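Please look at the sequence and the model together.

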Amino acid sequence: MARPSYESDLAEQPAALRRFAASTLPTELADLDLGGCRRIIVTAMGSSHYAGLPTWRSLVAAGLPAWWVSATELLDSPELITTDTLLVVTSQSGHSGEVVALTSTVGRRAQYVIGITDVPDSPLGRASNVCVPLVSGPEATVSSKSYLNSVAAHQRITAALLGNPTATVDTAITEAARALEDFRPAKPVTETAESFLQGPEPRMGLIGKKDDSATVLMGALILKEASKIAAEGYVGGEFRHGPLETAGPGLTAIILADPDASGQNEPSLAALADELIASGADVLLIGGKAQPGARHVPLPSADPLTRTVIASRLVQQLSVDIANGKGIIPGDFRFAQKITTAL
């Protein structure tokens, strides 16, 4: 039997999402009394942290006092966790070093802890008032199915916290799984990988706004892990504040073209794409509408979860294509390990 691999994990993602959609949320989640909670902190490390970004945005949009802060920053600034805090913590293994340190020390004073993990009997699971199992299953190396299930878990938890029906989210998760089953590698992504490997001083930036911010931050991380390249994620206009000086031949820019209400690409991202194309950079637009001079991959649905799932899958494809082009095994760790326990 072949050993599990990053690519086998990618193939198992639709089934993992379906398992999660079919799982039952803990009844304690609906029974949580948030009346005494004056702040909500969404935290984790790495891709688990990025999965919580849309939750933070939704809570803030609903007028709730919410923070999105990494576990390592909370350990540096523990005063943010008060006795009237709801702490939402994500860790696939439940054993991540910063998460264990947080939940076993300053996190104990939080009023409630919601833990999201694949291992309910982990330090995170045991420290949680409510534990939401990811049921994504064992993962060989780079986070893939656990990331998508974490995104789905955050959607269900957000709905529960806001008093919205979670059944609607479950339907959206199932639809996202179906779209993922229909996924086929996109030729523009393969062409982008080939161009990147042939470019002078190759460098890569991923740029997006709103909930797409989670995808570009996660994407840059898995490109580092799975294909051993220097890639950075930027939220909206961040790219103009310094990184724009890396434009020109050799830069590959992946832009998640967040469409506006009329279906047009978000104006500032569309303008940035045009500037980068003019500089000689290689630009791949994911979603939205095509722009002259850029490669383009449309997204199959306007549903936010399906959009996130397929955009993430396209970045995963890019990581595999680049690794194969370099002659390395996609996702194999050289220096890191699956579970980071060291602080």
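Predicted model: local features only at pLDDT ≥ 70, side-chain atom pairs only at ≥ 80, totals over all residues.

Helix α10 covers residues 166–181. Does its length fit its number of residues, or what span should 16 residues have? At 1.5 Å a residue they should span 22 Å, and the end C-alpha atoms of α10 are 23 Å apart, so the two values agree. The buried residues of α10 are V169, D170, A172, I173, A176, A177, A179 and L180. Several of these positions can be read against a simple rule of helix geometry. An α-helix has 3.6 residues a turn, so residues three or four places apart point the same way. Which elements lie over the buried residues of α10? The cover includes α2 (13–22), α9 and α14.

The packing of these helices can be taken pair by pair. Two packed helices are described by the angle between their axes and the distance between the axes.

The crossing in which α2 passes α10 is left-handed. On the α2 side, the contact is made by Q13, P14, L17, R18, F20 and A21. On the α10 side, the residues are D170, I173, T174, A177, R178, L180 and E181. Sorted by class, the residues of this contact between α2 and α10 are 7 nonpolar, 2 polar and 4 charged.

Next comes α10 with α14. These helices pack at an angle of about 30°, and their axes are 8 Å apart. Angles under 35 degrees count as roughly parallel, so α10 is roughly parallel to α14. The crossing of α10 and α14 is right-handed. From α10, the residues A172, I173, E175, A176, A179 and L180 take part, and they meet L305, T306, V309, I310 and R313 in α14. By class, the contact of α10 with α14 has 8 nonpolar, 1 polar and 2 charged residues.

α9 passes α14 in a right-handed crossing. In this contact, Y147, L148, V151 and Q155 belong to α9, while L305, T308, V309 and S312 belong to α14. The contact of α9 with α14 has 5 nonpolar and 3 polar residues, and no charged residues.

Another helix is α7, residues 97–104. How many of its 8 residues are buried? α7 is mostly covered, with 6 of the 8 buried. Those buried are G97, E98, V99, A101, L102 and T103. Their cover includes β1, α6 (71–76), β3 (85–90) and α8 (123–127).

L34 lies in the loop between α3 (27–31) and β1 (39–43). With a relative accessible area of 27%, L34 is partly exposed. Apart from neighbours within four places in sequence, L34 is in contact with L86 and L161. L34 and L180 are 146 residues apart in sequence, and their C-alpha atoms are 35 Å apart in space.

E266 is found in the loop between β8 (251–256) and α13 (267–279). Is E266 buried or exposed? Its relative accessibility is 16%, so E266 counts as buried. Not counting residues up to four places away in sequence, E266 touches K209, D258 and P259.

A273 is found in helix α13. A273 has a relative accessible area of 0% and is buried. Leaving aside neighbours within four places in sequence, A273 is in contact with I255, V283, L285 and Q291. Between A273 and T83 there are 190 residues in sequence and 46 Å in space, C-alpha to C-alpha.

Note on methods: Residues numbered from 1 in each chain as written. Heavy atoms only, no water. Left-handed = near helix turned anticlockwise from the far one by under 90°. Helix = DSSP H or I, 4+ residues; strand = E, 2+ residues; numbered from the N terminus. Contact = heavy atoms within 4.5 Å. Nonpolar A, V, L, I, M, F, W, Y, C, P; charged D, E, K, R; others polar. Expected span 1.5 Å × (residues − 1). Buried < 20%, exposed > 50% of the residue type's maximum accessible area, 1.4 Å probe, protein only. Axes fitted to C-alpha atoms, helices over the stretch in contact; angles between N-to-C directions. Parallel < 35°, antiparallel > 145°, perpendicular 65-115°, else oblique.
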